[in-house]
Structures are given as structure tokens and as C-alpha cells.
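Hello,

Here is the structure I promised to pass on. Please open it first, then read the notes below.

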Amino acid sequence: MTYSQEVEHMCCVAKGPNHGPAPIPEEGKWIQAKEIKDISGLTHGVGWCAPQQGTCKLTLNVKEGVIQECLVETIGCSGMTHSAAMASEILPGKTILEALNTDLVCDAINTAMRELFLQIVYGRTQSAFSEGGLMVGAGLEDLGKGLRSQVGTLYGTKAKGTRYLELTEGYITRMALDKDNQVIGYEYVHMGKFMEQVKKGVDANEALKAVTGTYGRFKPEQGAVKYIDPRKE
């Protein structure tokens, strides 16, 4: 190590107290993190690309500095889905420092990784106060039945009003309107359950009936006077 001439001519002053880093909460413990292997936790975060065309929700489960599990969910850009496929293969097995400095193919995923890194190393994880943290596999719990992301897709114009396309319950097939043309309910198909039925050999039409449900005041006796297909009408 090379020192400047000014430093070379300085006298030595002894360092007194050495407090170390402030402890952070990690999986039910307080840890003074000094190395990457000191970091553990499960958390979620979001990232966005430069033109803000798409976004990514990233979930990481980190044990002793190494990513053991990741869930990559993207929306808004067709290319991001393929980037997510690569990122899901790249991330597990890397330390969070390696992952921060790895090209995860898409700006939104890279940004999500940056935001998660900050949360994790500062102890702001979802599992900060959960003793022992969460098991590997906990990241799938966000997806629910059929392992599909919780997606909300809705569209509206001043001229024609709102159109419900997809909500947590599933793919919207019909919207129910009252006498004032206000939305009071909808019919949906749970796509995750539908695909499970089809894979089991159930006839597609029968499977569709089995996984179709309604929400709100959808029936005529509940005030519905008109039904529209949000993709056609």
C-alpha cells in the first residue's frame, strides 16, 4: 500500500473504541454483519427498466449469504419473461454480492436485485424476526393454487369506462352491470385450477365449468341487468 508524503510524515494516533457494526435483525437473531456469509433472510422487492415499460417483483431466500431460492415475476414487456427464465437459473447458488454484480439480462430484474440487496443487508427482510427464517420453498406461497402470479389487469377510458380483464380470482369472462351501467360483479375462470383439471384428463368444457365462479352481485336477482364481455364490448 502506498501512502502520500503528507501521510508518511504524520505522527501515529492510537485508535480507541471499536464499536463494530450495528446489529441487524436476521431470522430471530441480532447479527453484527461483517461478511457476506453473515447475511440471511427472505424478502421481496420490485424493480423497473429505464423506459419504465415493465416491472419485476423478485423474491429471494438467502441463507448464510447464498441465494437458495428465487421467484421472478415480470409484467409489461414480452422480453422480460425470457429474461426472468434466465435469471431464475442464474440466481440460486450465488452470494448476494455476486448477484448484485451479475447481469440478470433485464434492467427491471437488475434493479429489483439492487433493491433487495439493500433490504437484506440492512435487516429489513420479511423474516427478520422469524426464528430460523423461512424454509426453502416459502417463496412459492405467494403464488397460491396452480402456482400462478397474483395478476391484476384492468383497462379504462373516459369515453367507455372500465374493463376488468384479470383479477386475483382469475381471467374475467363477463362483467355484470346494474340499471345505471355501473359494475356490480363479474364472472371469472381460475386459470391455474383449469390447467390442473385439463392435465388430469378432464374434458376442457367440463373443467371450464368447474373452475368458473362469480364475485359481487352477479345474478339478475341481485340487481344485474346487463352482462358484457370486457374484451369485445
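Thr-102 counts as buried, because its relative accessibility is 19% and the cut-off for buried is under 20%. Bear in mind that this is a predicted model. Thr-102 sits in the loop that joins α3 and α4. A polar atom of its side chain lies 2.6 Å from the backbone oxygen of Glu-98. Leaving aside residues up to four places away in sequence, Thr-102 touches Ile-90, Lys-94 and Asn-110.

**Helix α4**

Next, the helix after that loop. α4 covers residues 107-121, 15 residues in total. Why does a span of 21 Å fit this helix? At 1.5 Å a residue, 21 Å is what α4 should span, and its end C-alpha atoms are 21 Å apart, so the two agree.

Which residues of α4 are buried? They are Ala-108, Ile-109, Thr-111, Ala-112, Met-113, Leu-116, Phe-117 and Ile-120. An α-helix has 3.6 residues a turn, so residues three or four places apart point the same way. The buried residues of α4 pack against strands β1 (24-26), β3 (41-48), β4 (55-63) and β5 (66-75). They also pack against helices α2 (78-90) and α3 (96-100). After α4 comes Gly-123, with a positive phi near 80°.

**Two glutamates with positive phi**

Glu-27 is not a glycine, yet its phi is positive, about 50°. It lies in the loop between β1 and β2 (29-31). Glu-64 also has a positive phi, near 50°, and is likewise a residue other than glycine. Its place is the loop between β4 and β5.

Are these two buried or exposed? Glu-27 counts as buried, because its relative accessibility is 10%. Glu-64 is exposed, because its relative accessible area is 61%. The cut-offs behind those words are under 20% for buried and over 50% for exposed.

**The largest pocket**

This part may interest you for your own work. The largest pocket has a volume of about 380 Å³. Its lining is made of 19 residues. Nearest its centre lie Val-72, Glu-73, Thr-74, Ile-75 and Ser-149. The elements that give two or more residues to this lining are β4, β5 and α2. β5 gives the largest share, 6 residues. By class, the lining holds 9 nonpolar, 7 polar and 3 charged residues.

Best wishes

Terms used
Residues numbered from 1 in each chain as written. Predicted model: local features only at pLDDT ≥ 70, side-chain atom pairs only at ≥ 80, totals over all residues. Heavy atoms only, no water. Helix = DSSP H or I, 4+ residues; strand = E, 2+ residues; numbered from the N terminus. Expected span 1.5 Å × (residues − 1). Buried < 20%, exposed > 50% of the residue type's maximum accessible area, 1.4 Å probe, protein only. Contact = heavy atoms within 4.5 Å. 1 Å grid on protein atoms, 1.4 Å probe; cavity = no way out; pocket = protein on both sides within 12 Å on 5 of 7 lines; lining within 4 Å. Points joined across faces, edges and corners; volume = space filled by probe spheres on them. Nonpolar A, V, L, I, M, F, W, Y, C, P; charged D, E, K, R; others polar. Polar contact = N/O pair within 3.5 Å; in protein donor to acceptor, adjacent residues only side chain to side chain.
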